[in-house]
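Student: I would like to learn how to read a few features of a protein model. Please take them one at a time.

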Amino acid sequence: CSAFRPSTVKEPDDLILELKPSHQSPNRTGTHCETWSVRFSPGGSYFAWSMGFGIVKILSWPVTSTDSGEDANSERTLHCEQAVWALAFGPCPSPRADQNGHEPDLLLAIGLNNGLIQVRVVSSGKLLFTLSGHQALVRDLVFAPNGSLTLVSASRDKTLRIWDLAKKGVNPHVLRGPNYWVFKCSISPDSSMIASLCNFDSKLYLWSMRSYTFMRHITYDHERTMVSCDFSPDGALLAVASYKSSTGWWLDLWDPYTADLLSRVDDSLPTYLSFSPVGLLLAFKDYRALQIWDVERDELVTDTDHNRAGGLCCAFHPHGGVIATGCRNGQVKFWRVPRRVPSLKHLCRTASRFSVSTYQVEALPLPPKIQEFLTYRDVQKQKTLCCKKHHS
């Protein structure tokens, strides 16, 4: 079973827990041992991570150290027989959730190297069914945040597929765009848009989840490799990470409705990014460090060294306070996220912007400064965060 090692390092180190993979053989290292995906369940009561070699571990959260080893009621090991590239819990919480916070009939979708998607019942680990159709590995998975059983998958076969798991046997909607691998997708909080990224393509693609059609590009002036993307909790911002060997790495904030660039952070090395469900915190990570940017206050609140265990992915706990990172050696680490109370202004903006487009806000008879605030036009255009201190 996996080794649970609570951190004994005192502040300022923010590492609170580290889980090691169960495969201990010295020969089982290198290729295929990577943790490509870590996920908390929507209600926060479960955690899953792909520990390499086709193994997925599901744990009850919070994780506690035990002397008796694996507890069958709180930990399940899934042997998928193929390399695991993507994980997604669904559906989102509903009023049916019990008082203990455990989601009923919670599912875990698992994207495999052979193009199949396994759908398993979290409580038992039982394989419910397998989705077939992709002709290459499934690189990303995400459930719609509206509580439905709509699952979006991104694959190296150059397609996005939208599955309705509530309708057994119904073929998925297939979205075909550029002639490149699709390796990242994100769904807006109101479940109206899908953002997708392709390798070696300097565009981000936005699709309608209502009509299953292409909407618009977000295009870079220079040829760049797109890395990661995520919507803010109100859907009014879209964060994108990209790089080019000659010009470096960028972390950009875009308006997904107008395709306007709102802010650019240079001199960063983001290989994966994720917005926190709580407040306006944006985590971005490279192979060495995890950094968390408070976009509202425009300051870096966390700059944490991975101790050179290359990081590949990250995920916030839905209630805030903790973020998990997956590493190249199959480990997963949990870091403390500083507790920050969003301002009343920001809470009002979040409530106003959810499912309300920039065009609708601009049509309102509001003072210019309020419109600037509601549309995030008050965000500084270009900056270099204090992340330089990590590289010094």
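Student: How many helices and strands does the chain have?

Tutor: Helices (H or I, at least four residues) and strands (E, at least two) are DSSP runs, numbered from the N terminus. Here the chain has 4 helices and 30 strands. This is a predicted model, in which local features need pLDDT of at least 70, side-chain atom pairs count only at pLDDT 80 or more, and totals for chains, interfaces and linings use all residues. Residues are numbered from 1 along each chain as its sequence is written, and side-chain values use heavy atoms, with hydrogens and water left out.

Student: What share of the residues is buried?

Tutor: Buried means under 20% relative accessible area, exposed over 50%, and partly exposed in between (1.4 Å probe, protein chains only). Of the 392 residues, 56% are buried. In strand E27 (residues 311–316), 6 of the 6 residues are buried, so E27 is largely enclosed by the rest of the structure.

Student: Which strand is joined to E27 by bridges?

Tutor: Two strands pair if DSSP finds at least two bridges between them. E27 is joined by 5 bridges to strand E28 (residues 322–327), and the two run antiparallel. Phe 316 stands opposite Ile 323 in E28. The two strands form a hairpin with 5 residues between them, and Gly 320 in the turn has a positive phi of about 80°.

Student: How many disulfides are found?

Tutor: A disulfide is a covalent bond between the sulfur atoms of two cysteines. The search counts a pair of cysteine sulfur atoms within 2.5 Å, and in the whole structure it finds 0.

Student: Is Cys 33 buried or exposed?

Tutor: Cys 33 is buried, because its relative accessibility is 6%. Cys 348 is partly exposed, at 44%.
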